[in-house]
Structure formats: structure tokens, C-alpha cells
Amino acid sequence: MKRLAVAAAVALGGLAGACAAQAPSAMQATATTPTGFLDATVLQALVDAVPPPPVEGSPAALADAAGSQRMRALEDTDRWTLAIRHAELRPTIAISHFDCVLGTRLTPEQSPSLIALLDRVLIDANAAAELGKARAFRARPVGDDPDRRSCQVVSAAGRASASYPSGSASVGAAYGEVIAALAPDRAAAAREVGRQIGISRLVCGMHYPSDVEAGRALGEAVVRAEAVAPGYQASMAAARADLDRARAAGLTSPACAAERLALATPLP
């Protein structure tokens, strides 16, 4: 595989590494009035169902550490470059993560209702993860090992921040569930994109495997709760119209060939 091919495709897709490098900005919503669908009581109930992180020194924690170490073999590979791209979760940019599985090219200008929907989903999924992190602190791989490389720029405070459950995995899974519902003919592939966003956090050294698994389950639970929340189905209907128009336009993304190469990289 040629890493330069992936880098070029990332650039063509408008996903410069400088944008993906800043973790806080990469999680900010873009809605004019940024509110989620779920209230604090519902979010807390979802978080209460998340199991605690593995106890330090336990077999589960040791397996997590070993799994994280294996991911270091992917540094500077095509999969590493894709992880840089996946670090960007602002809806205006993150919608492009689903271009290839949908066979289209999504843009914020042509998908305002989809962006508005994902803004609110992002708020709920990230808020749930932050509530989970507040229950018990678990260090990140880049925090446990100050020499560990990450695929993004990480400040000292970022290295010292909590890892469990993964907010990025929660958001990625939630996005995958939403896109799956909007495009049922591509549901499995859309959910796989959401899963790969979580795996990218392992590749980046930002989370341990159980962080990502807990985050993924939480993101899926968030969308199930949102499905019965006021306003959600109306937002879905408007977003579906955006997506249908985009798919009918017949545009495709130049990044797809390189993305397929990156995803073909075996995980260690």
C-alpha cells in the first residue's frame, strides 16, 4: 500500500490533518442553537447502564494494554492516515466519512438538515460519554505512556484526560446508527463506518479496546433513546430528503479507493 495515496485522498476530501488534529474542536457541534434530543435524566440513565472500566491489573486491563500495544504496528501506515481523518467528528466534515458506503459525496451546503440532525446527535452522544468519564477516571494509552505517539496533536491536558468510555467511539457509533436508518439499503456498511471510527481511536493511541467497546454501546443506546424523543423523527425525515437528493445527484468521492486500501490493512 502507498501511504501517499491515502494522504492525497484525504486532502482531496477536504480533510486536512490540521483540522483533525485538534480533539476539542473536532467534537464541537455546529448548530446555531446546539441542543441535543435527550434531557439530563435520560442521559444519566443510559450512562448508569455502562459497566465500570476494567480494574487496574486485572486480566481485562492487561488484555487492553496488550491490544493497545499491538496497534503501534500501524503507525505511519494507510490505516494510521485514515485514523487522522476519522479524528474529525464535526458533522460538517464527518459526513464525508460515509461518502464511500453511500456511493455519493455529501456536502454541508447541500445537506443542511442532515448536518442539523447530526449536530444534535453529537451533543447527546458526547454528553453521555462525558458523564461516563466523570464516574471513574481511567488514563488514556498516551497518558499511561508519555512517549506514545498519537495520530493527532495532543496537549498535556489531553494526555491526562479520561479515556473510558470513548466519546469518539460513542459519536461514531451514533452517526453510524443514524445513517443506517436514513439509508437502510446501506445499513450494515454505515454501521461499519461507525465501528471503524472507534477502531481509529485505538490506532491513534487515544483509547484502550474496552473504552471503545463501551463507547460504541453507549452511542447505539443514545440513538435508540433519541428515536422516541420529541422532534427526532421530524429531523430524520428532513435529513432523509437531503440524503436522497445527494444520492440521486450521482457524485462520488475521490477518496474512496484510498479508503478501501486503508481498511484492507489487517489489524494487529
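Predicted model: local features only at pLDDT ≥ 70, side-chain atom pairs only at ≥ 80, totals over all residues.
Student: Let's begin with the whole fold. What makes up its secondary structure, helices or strands?

Tutor: The protein has 16 helices and zero strands. Of its 268 residues, 53% count as buried.

Student: Which share of the contacts between residues at least 6 apart in sequence joins residues at least 24 apart?

Tutor: That share is 84%.

Student: Why is M206 called buried?

Tutor: Buried means under 20% relative accessible area. M206 has 3% relative accessibility, so M206 counts as buried. The residue sits in the loop between α13 (187-203) and α14.

Student: What is M206 in contact with, leaving aside its neighbours within four places in sequence?

Tutor: The partners are R140, P141, V142, S150, Q152, V154, S163 and R201. For Q152 there is also a distance: M206 and Q152 are 54 residues apart in sequence, and their C-alpha atoms are 9.2 Å apart in space.

Student: How do you know that A221 is buried too?

Tutor: The relative accessible area of A221 is 15%, and the cut-off is under 20%, so A221 is buried. A221 belongs to helix α14 (residues 209-226).

Student: How many residues separate A221 from A49 in sequence, and what is their C-alpha to C-alpha distance?

Tutor: They are 172 residues apart in sequence and 9.7 Å apart in space, C-alpha to C-alpha.

Student: What makes D76 partly exposed rather than buried or exposed?

Tutor: Partly exposed covers the range between the buried cut-off, under 20%, and the exposed one, over 50%. D76 has a relative accessible area of 38%, so D76 falls in that middle range. Its place is in the loop between α5 and α6 (78-86). The backbone of D76 deserves a look as well: phi is near 65°, a positive value in a residue other than glycine.

Student: Now to helix α16. Which of its residues are buried?

Tutor: In α16 (residues 256-263), the buried residues are C256, A258, E259 and A262.

Student: How do you know that the buried residues of α16 line one face of the helix?

Tutor: Looking down the axis of α16, its buried residues fall within an arc of 160°, so they line one face. As background, an α-helix has 3.6 residues a turn, so residues three or four places apart point the same way.

Student: E259 is in that helix. What makes E259 buried?

Tutor: E259 has a relative accessible area of 7%, and the cut-off is under 20%, so E259 is buried. Leaving aside neighbours within four places in sequence, E259 is in contact with L82, R85, H97 and C100.

Student: Let's finish with the second largest pocket. How much space lies in it, and which residues are closest to its centre?

Tutor: The second largest pocket holds about 310 Å³ of space. Of the 14 residues lining it, P54, E56, A61, R138 and D144 are the closest to its centre.

Student: Which helix gives the largest share of the lining of the second largest pocket, and what classes of residue does the lining have?

Tutor: Helix α5 (residues 59-70) gives the largest share, four residues. By class, the lining has nine nonpolar, one polar and four charged residues.

How values were computed
Residues numbered from 1 in each chain as written. Heavy atoms only, no water. Helix = DSSP H or I, 4+ residues; strand = E, 2+ residues; numbered from the N terminus. Buried < 20%, exposed > 50% of the residue type's maximum accessible area, 1.4 Å probe, protein only. Contact = heavy atoms within 4.5 Å. Arc of directions from axis to C-beta. 1 Å grid on protein atoms, 1.4 Å probe; cavity = no way out; pocket = protein on both sides within 12 Å on 5 of 7 lines; lining within 4 Å. Points joined across faces, edges and corners; volume = space filled by probe spheres on them. Nonpolar A, V, L, I, M, F, W, Y, C, P; charged D, E, K, R; others polar.
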